[in-house]
Amino acid sequence: KILENKVAIITGAGSGIGKATAELFAKAGAKVVVSDISEKNGNSAVEDIKKSGGEAFFVKADSAKPEDNQALVEQTIKQYGALDIAVNNAGIGGPLGATGEYPIDGWQKVIDINLSGVFYGLRYQIPAMLEKGGSIINVASILGQAGTKYSPAYVAAKHGVVGLTKAAALEYADKKIRINSVGPGYINTPLVMNSLDEAARAALVGLHPIGRLGESEEIAELILWLASAKASFVTGAYYAADGGYLAQ
Ligand code: NAD
């Protein structure tokens, strides 16, 4: 098992990509700290992992709050004695609107969760990894490399995550901490599916040369590889898993 005895924090692990990653990590032998702002989703993810014979526990945390990120790392060390892997995945889509009309509070909320949340994660995860080394994966998006209309906060935050990942990776490259970002195309999760009607979903499919949206498990496989020693020479990188979206 490629993550045997590793301890991993996954934020936003109650749903979608985070949940699929938590399940895959547990199957790979990791002790998984499932973190989410939603107690209900987080607890049910832990139950599912335990039912399949994995090891996990839930910590409620709001990624937008520095003190919650600090407490999450502290509780992880208390429970499992170490931190080897962190996946900063929690994120929201935010409101849709043109930049010239975009709601100020919507902008702030998306930046707080999707960008500052990743910084707060790194801010407390890195010190906990300095002794033994580790691997951190930040979940960006294709929209961390390309723009789209009507989601300026999301696009800005995800571009920010890609840049922050490079900056932090350079600082810790010689300290055995690898830090990378991933860029999913549109994935079949509540984040995408709940906000779109059928016509909008069909239009999204058309943006992916592979002819369909992605599944959370397909992103989890990439995150697992980056988390594991198989990616031992990989740091500061951005990896897309996008059905060809960015190749166009
Ligand atoms: P999702 O909505 O299925 O799950 C997100 C989880 O994050 C939920 O369980 C939610 O409760 C949690 N969350 C929300 N706000 C939080 C906060 N402040 N603190 C802690 N947890 C919080 O979403 P998903 O599609 O699985 O997205 C996961 C990540 O992948 C996000 O960063 C998203 O931007 C990114 N992403 C998604 C897609 C996609 O098409 N679904 C594409 C590219 C990138």
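Modeller: A residue is buried if 20 or more other C-beta atoms, placed from the backbone, lie within 10 Å of its own, exposed if 12 or fewer, and partly exposed in between. This is a predicted model, so local features need pLDDT of at least 70 and side-chain atom pairs count only at pLDDT 80 or more, while totals for chains, interfaces and linings use all residues. Residues are numbered from 1 along each chain as its sequence is written.

Biologist: Is P209 buried or exposed?

Modeller: P209 sits in the loop between α7 (198–206) and α8 (216–227). Helices (H or I, at least four residues) and strands (E, at least two) are DSSP runs, numbered from the N terminus. P209 has 12 other C-beta atoms within 10 Å, so P209 counts as exposed.

Biologist: Which residues does P209 touch, not counting residues up to four places away in sequence?

Modeller: Y154 is 55 residues from P209 in sequence and 23 Å away in space, C-alpha to C-alpha. Contact means C-beta atoms, placed from the backbone, within 7 Å. With residues up to four places away in sequence left out, P209 touches G243, G244, A247 and Q248.

Biologist: How is R123 classed, by its other C-beta atoms within 10 Å?

Modeller: R123 belongs to helix α4 (residues 104–129). Its C-alpha atom is separated by 8.3 Å from that of Q70, 53 residues apart along the chain. R123 has 15 other C-beta atoms within 10 Å, so R123 is partly exposed.

Biologist: How are α4 and α5 placed to each other?

Modeller: The axes of α4 and helix α5 (residues 152–172) come within 9 Å and cross at roughly 15 degrees. Axes are lines fitted to C-alpha atoms, for helices over the stretch in contact, and angles run from 0 to 180 degrees between N-to-C directions. Angles under 35 degrees count as roughly parallel, over 145 as roughly antiparallel, 65 to 115 as roughly perpendicular and the rest as oblique. Therefore α4 and α5 are roughly parallel.

Biologist: How do the residues of the contact of α4 with α5 divide?

Modeller: On α4 the contact includes W107, V110, L115 and F119, and on α5 it includes Y154, A157, V161 and L164. Ala, Val, Leu, Ile, Met, Phe, Trp, Tyr, Cys and Pro count as nonpolar, Asp, Glu, Lys and Arg as charged, and the others, Gly among them, as polar. The contact of α4 with α5 has 15 nonpolar, three polar and one charged.

Biologist: How are α1 and α8 placed to each other?

Modeller: Their axes come within 8 Å and cross at roughly 55 degrees. Therefore α1 and α8 are oblique.

Biologist: What is the crossing of α1 and α2?

Modeller: α1 and helix α2 (residues 39–51) pack at about 25 degrees, with axes 10 Å apart. The contact is made by K19, A22, E23 and A26 of α1 and A45, D48 and I49 of α2. A crossing is left-handed if the near helix is turned anticlockwise from the far one by less than a right angle, and right-handed if clockwise. α1 passes α2 in a crossing that is right-handed.

Biologist: Which elements give two or more residues to the shell around the ligand?

Modeller: 29 residues surround the ligand, the closest being G12, G16, G91, T189 and L191. The elements giving two or more residues to this shell are α1 (16–27) and α6 (190–193).

Biologist: What does the shell around the ligand have, by class?

Modeller: A residue is near a molecule or strand if its C-beta atom, placed from the backbone, lies within 6 Å of it. By class, the shell around the ligand has 14 nonpolar, 13 polar and two charged residues.

Note on methods
Two residues are in contact if their C-beta atoms, placed from the backbone, lie within 7 Å.
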